[in-house]
Amino acid sequence: MKKADAMYAYARNHKLGQNITPIFGGWLQRKHFGLIEAALGKDEEVIASFIGRHHPEDNENFTPFKGEDRADFEERMRATQTGKVRYFDCKGFHAYAITDAGRLIFARWVPFNHDYKSIPLHNINTINPNTRIFWGFLRIESFREVFSIFWTKKTVFAIAKLLEDSKSDMQDGIMDGITSAKRSQQIQEKAKLSKSQLTTETNFEKLKERKKALDADLITQAEYEEYKQRFLQ
């Protein structure tokens, strides 16, 4: 995927979040994905996309309140980083995309202020879902970025699996949305099928040889039928 509309459709079709802002939700989300579209490299494509409310937890995204001293600011940061993430604590809806270049891109469009960042998947060292009865959040820690993605419990677990699978993809160097374990299984199944086809072809050739031997009176009809039954089984 390289277009914003395709990214938005993927997220909605796979039930990976949505912007529930009345009337303008879908339009805004396409604007968010438009920033990701513009940020893609020439040969880079998105293999998966999702939507959620973004909660930054790194200090560079926060500034002290007016008149707040350093000790109070740091205490507020600790409380923010260790507490539960809630809907209205977040920095609005964001669009997220995983690319075949091994990047996680997230972006938010607002008039005159476009917020866009990307991090390499191999820099992500923690993917931690934290859920309650219905809502939840996914805390992501990387080398330079720490943030959470807030949405429904089911969606949070789906996004966590998607990121884990993508990190697994990075290990075998093929970013196509297929995990290493699944790719290994596909290879084994393909090898098994090829072996089965080869065995069938080999047995068929041997059966033809037995038929020639029968026609030349080198073996009896009973011997031929016995071999034929073994081949059919």
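**View 1. Lys91 is partly exposed, at 35% relative accessibility.** Buried stands for under 20% relative accessible area, exposed for over 50%, and partly exposed for what lies in between (1.4 Å probe, protein chains only). This is a predicted model, in which local features need pLDDT of at least 70, side-chain atom pairs count only at pLDDT 80 or more, and totals for chains, interfaces and linings use all residues. Residues are numbered from 1 along each chain as its sequence is written, and side-chain values use heavy atoms, with hydrogens and water left out. Lys91 forms a salt bridge (a side-chain nitrogen of Lys or Arg within 4 Å of a carboxyl oxygen of Asp or Glu) with Asp115, and the closest N and O atoms are 3.5 Å apart. Asp115 belongs to strand S4 (residues 113-120) and Lys91 to the loop between helix H3 (70-82) and strand S2 (93-99), so the bridge ties together parts that are 24 residues apart in sequence. Asp115 is also partly exposed, at 24% relative accessibility. Helices (H or I, at least four residues) and strands (E, at least two) are DSSP runs, numbered from the N terminus.

**View 2. Arg30 and Asp5 form a salt bridge.** The closest N and O atoms of Arg30 and Asp5 are 3.4 Å apart. Arg30 is in helix H2 (residues 25-39) and Asp5 in helix H1 (residues 4-13), so this pair joins parts that are 25 residues apart in sequence. Asp5 is exposed, with a relative accessible area of 51%, whereas Arg30 is partly exposed, with 36%.

**View 3. A salt bridge links the side chains of Glu141 and Arg139.** Its N to O distance is 2.2 Å. Arg139 is buried, at 18% relative accessibility, and Glu141 is partly exposed, with a relative accessible area of 25%. The whole structure contains 7 salt bridges.

**View 4. Helix H2 has 15 residues.** From its first C-alpha to its last, H2 reaches 22 Å, close to the 21 Å expected at 1.5 Å a residue; the expected span is 1.5 Å times one less than the number of residues. The buried residues of H2 are Gly25, Gly26, Gln29, His32, Phe33, Leu35 and Ile36. Their cover includes H1, strand S1 (46-56), S2, S3 and S4, where contact means heavy atoms within 4.5 Å.

**View 5. Trp27 and Trp109 are one of 12 aromatic pairs in the structure.** Rings of Phe, Tyr and Trp (its six-membered ring) pair if their centres lie within 6.5 Å; planes under 30 degrees apart count as stacked, over 60 as edge-to-face and the rest as tilted. The ring centres of Trp27 and Trp109 are 5.6 Å apart and the planes stand at 85 degrees, so this pair is edge-to-face. Trp27 lies in helix H2 and Trp109 in strand S3 (residues 103-110), so the pair ties together parts that are 82 residues apart in sequence. Trp109 is buried, with a relative accessible area of 15%, while Trp27 is partly exposed, with 47%.

**View 6. Tyr87 and Phe93 form an edge-to-face pair, since their ring centres are 6.4 Å apart and their planes at 75 degrees.** Phe93 is buried, with a relative accessible area of 5%. Tyr87 and Phe93 belong to one aromatic cluster with Phe88, Phe134, Trp135, Phe150 and Trp151. Arg53 lies over the face of Tyr87, at 4.0 Å from the ring centre, and over the face of Phe93, at 5.0 Å. A charge sits over a ring if NZ of Lys or CZ of Arg is within 6 Å of the ring centre and within 35 degrees of the ring normal.
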